[in-house]
Amino acid sequence: MSETENDDKKSAEIAENKDTAESAKSAGKQIYELGYLLVPTIAEENAPALFGNLKELVVSFGGEIISSEMPRMIRLAYVMAKTIDNVKNKFDTAYFGWIKFEAEKSAVAEIKKKLDANTDLIRFLITKTVRENTLAPKKFSGGGSSRYRGSAEHKEEKEPSAPMDEEKVDKEIEALVTEAA
Amino acid sequence: MKQDYFSANNIKYIDYKDVEILKRFLNANGKIVNHKRSGITSKNQRKLATAIKNARFMGLLPFVAK
């Protein structure tokens, strides 16, 4: 009895999800990504607060945040200039972060207006994107997986080339040792 | 690189933040390598060009490398 109830609930939930997805489509929603550069003059501990403000800004215009990355200090590939209070400031470092969100097409224009007035941002970029994670997964130790498998017997030789996975390798070696014993 | 790098690695959306991948398609001066050398499909070459240009704007890649 209880099982069927649960099933009913589940199906109802699925139906709801479908409804929301459909309504999102009909309302002209689109996935966007906001990439931004924060001025390096702000303190390290204040960066997360500004990041929170940006998130709030997106949410206040009906945006639904999908994923995001905390701003982190990067070296810029070239010197950027931004005029703040009629003073031209040059920057060669900045905090780079991004927020992926779903919002109405009209809302994005409003968000852009707000960001234009924000003096903490050197630059920002709003792009259309997809819901899925677009960053390719990092490969381990540079080599392909097939090469790694092929050299399972010569694990000791391979070890230095995979410093990132030391713990994993250790565990694997332990497992092998116990197997052999 | 004879085969299309992006379809070989199952990359459907070329992200401007993925600098390590984009760097493969720049020459020593920071220019985008041409179709012939990159060996990727025309469709992906266009997307790649956009991604690199976005990355340049955000200071992740250089416009000109010395």
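Start by selecting helix 3 of chain A (residues 105-116), whose buried residues, buried meaning under 20% relative accessible area with a 1.4 Å probe and protein chains only, pack against strand 1 (29-38), helix 2 (47-60), strand 3 (87-104) and strand 4 (121-128) of chain A. Helices (H or I, at least four residues) and strands (E, at least two) are DSSP runs, numbered from the N terminus. This is a predicted model, in which local features need pLDDT of at least 70 and side-chain atom pairs count only at pLDDT 80 or more, while totals for chains, interfaces and linings use all residues. Residues are numbered from 1 along each chain as its sequence is written, chains are lettered from A and ligands numbered from 1 in the order in which they are written, and side-chain values use heavy atoms, with hydrogens and water left out.

Stay with this helix and colour A:Ala107, A:Val108, A:Ile111 and A:Leu115, which are buried. They sit on the same side of helix 3 of chain A, because they cover an arc of only 100 degrees around the axis, the arc being that of the directions from the helix axis to the C-beta atoms. An α-helix has 3.6 residues a turn, so residues three or four places apart point the same way. Now turn to the face directed away from the buried side, where you will find A:Ser106 and A:Lys113, both exposed, that is, over 50% relative accessible area.

Rings of Phe, Tyr and Trp (its six-membered ring) pair if their centres lie within 6.5 Å, and planes under 30 degrees apart count as stacked, over 60 as edge-to-face and the rest as tilted. B:Tyr5 and B:Phe25 are edge-to-face, with 5.9 Å centre to centre and 70 degrees between the planes. B:Tyr5, B:Phe6 and B:Phe25 form one aromatic cluster.

Finally, select B:Arg56 in helix 4 (residues 42-57) of chain B. B:Arg56 is buried yet has no salt bridge, and the nearest side chain of opposite charge, B:Asp15, is 15 Å away; a salt bridge is a side-chain nitrogen of Lys or Arg within 4 Å of a carboxyl oxygen of Asp or Glu, and Lys and Arg count as positive and Asp and Glu as negative, with His and the chain ends not counted.

Notes. The expected span of a helix is 1.5 Å times one less than its number of residues. Contact means heavy atoms within 4.5 Å.
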